[in-house]
Amino acid sequence: IIADHCANQPPTHIYLPATMSKTVARGADRFVEPKKETRPDFKELKSIEKERREILLRAELPFWRILMFWSGTCLKEITTDSLVWTTLIIYIGIRIYANIVDYVPDSVELMQKTNVGILGGFLSFFLVLFVNQTNGRFLEMYGFSKACSGRIQDVAGLAKAQLPIEVADRLVRHFNAAHIAGYVGLNAIGQGSPYSKTYFFDHYNEEAKLLTPAEMKEISRHDMDNSGLCM
């Protein structure tokens, strides 16, 4: 129908939602397949959230018990890192060679005159600094997230007590929708976010009826997945 209507019209671009586009030009249609979502679906997000909560509760355990965990640690990444194994193999090879030969190589004599300890201290300093900064950023962002949730609850309580029911209900719905959309908007910032409009925002919007179809149409012009405006 679109092709018949546009048979004698100049090239027209029709923009459809869900990253789908169709170009109609002089009776010819060109259809671009929608971009496949590669981020975790809602079931996977629930699994990730469950693991995060378990890791959060580990902070209350004794130190020796924390060291016994495998999931949620860097051990898995270390054991599959080729650089770690390459370095270890080189070290073992050097030790084997040193035990086989019956003389001291010139390179060893040269290394004994150098102060390698300075390099080790330098690397240790930056490692501790990096870990502290990373932990600090996590705690800061976690605090922002909980503070945002708390302010929404404050507004909800005040709105229910002071505003008409219809206005208060709409205000709370919009606040919750904005909160969820903010997590989706993180995808356009830094290293991205596992939360997507399809599997995260749309799920909660359908479950809690946060936005009406008319309201969804109003914000459809904003690319929630790839724009930092939602954040």
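The legends below describe close-up views of a predicted model. Local features require pLDDT of at least 70 and side-chain atom pairs pLDDT 80 or more, whereas totals for chains, interfaces and linings use all residues. Residues are numbered from 1 along each chain as its sequence is written, and side-chain values use heavy atoms, without hydrogens and water.

**Figure 1. Secondary structure of the chain.** The chain contains 10 helices and three strands, in the order α-β-β-β-α-α-α-α-α-α-α-α-α along the sequence. Helices (H or I, at least four residues) and strands (E, at least two) are DSSP runs numbered from the N terminus. Of the 231 residues, 16% are buried; buried means under 20% relative accessible area, exposed over 50%, and partly exposed in between (1.4 Å probe, protein chains only).

**Figure 2. Lining of the largest pocket.** The largest pocket has a volume of about 2,700 Å³. Among its 48 lining residues, Arg52, Phe138, Tyr142, Tyr183 and Tyr195 are the closest to its centre. A pocket is an open set of points on a 1 Å grid over the protein atoms alone, where a 1.4 Å probe fits, with protein on both sides within 12 Å along at least five of seven lines; lining residues have an atom within 4 Å of a point. The volume is the space filled by probe spheres set on the points, which are joined across faces, edges and corners. Helices H2 (42-58), H7 (116-162), H8 (165-185) and H9 (197-208) each supply at least two lining residues, and H7 provides the largest share, 14 residues. The lining comprises 28 nonpolar, 12 polar and eight charged residues. Nonpolar denotes Ala, Val, Leu, Ile, Met, Phe, Trp, Tyr, Cys and Pro, charged denotes Asp, Glu, Lys and Arg, and polar the others, Gly among them.

Figure 3. In H7, Asp154 and Arg151 lie three residues apart, about one turn of the helix, and their closest N and O atoms are 3.1 Å apart. In H8, Asp169 and Arg173 lie four residues apart, with a corresponding distance of 3.4 Å. Asp169 is partly exposed at 36% relative accessibility, whereas Arg173 is buried at 15%. Asp169, Arg173 and Glu215 are linked in a network of salt bridges.

**Figure 4. The salt bridge between Asp202 and Lys197.** The closest N and O atoms of Asp202 and Lys197 are 3.2 Å apart. Asp202 is partly exposed at 25% relative accessibility, and Lys197 is partly exposed at 26%.

Methods. A salt bridge is a side-chain nitrogen of Lys or Arg within 4 Å of a carboxyl oxygen of Asp or Glu.
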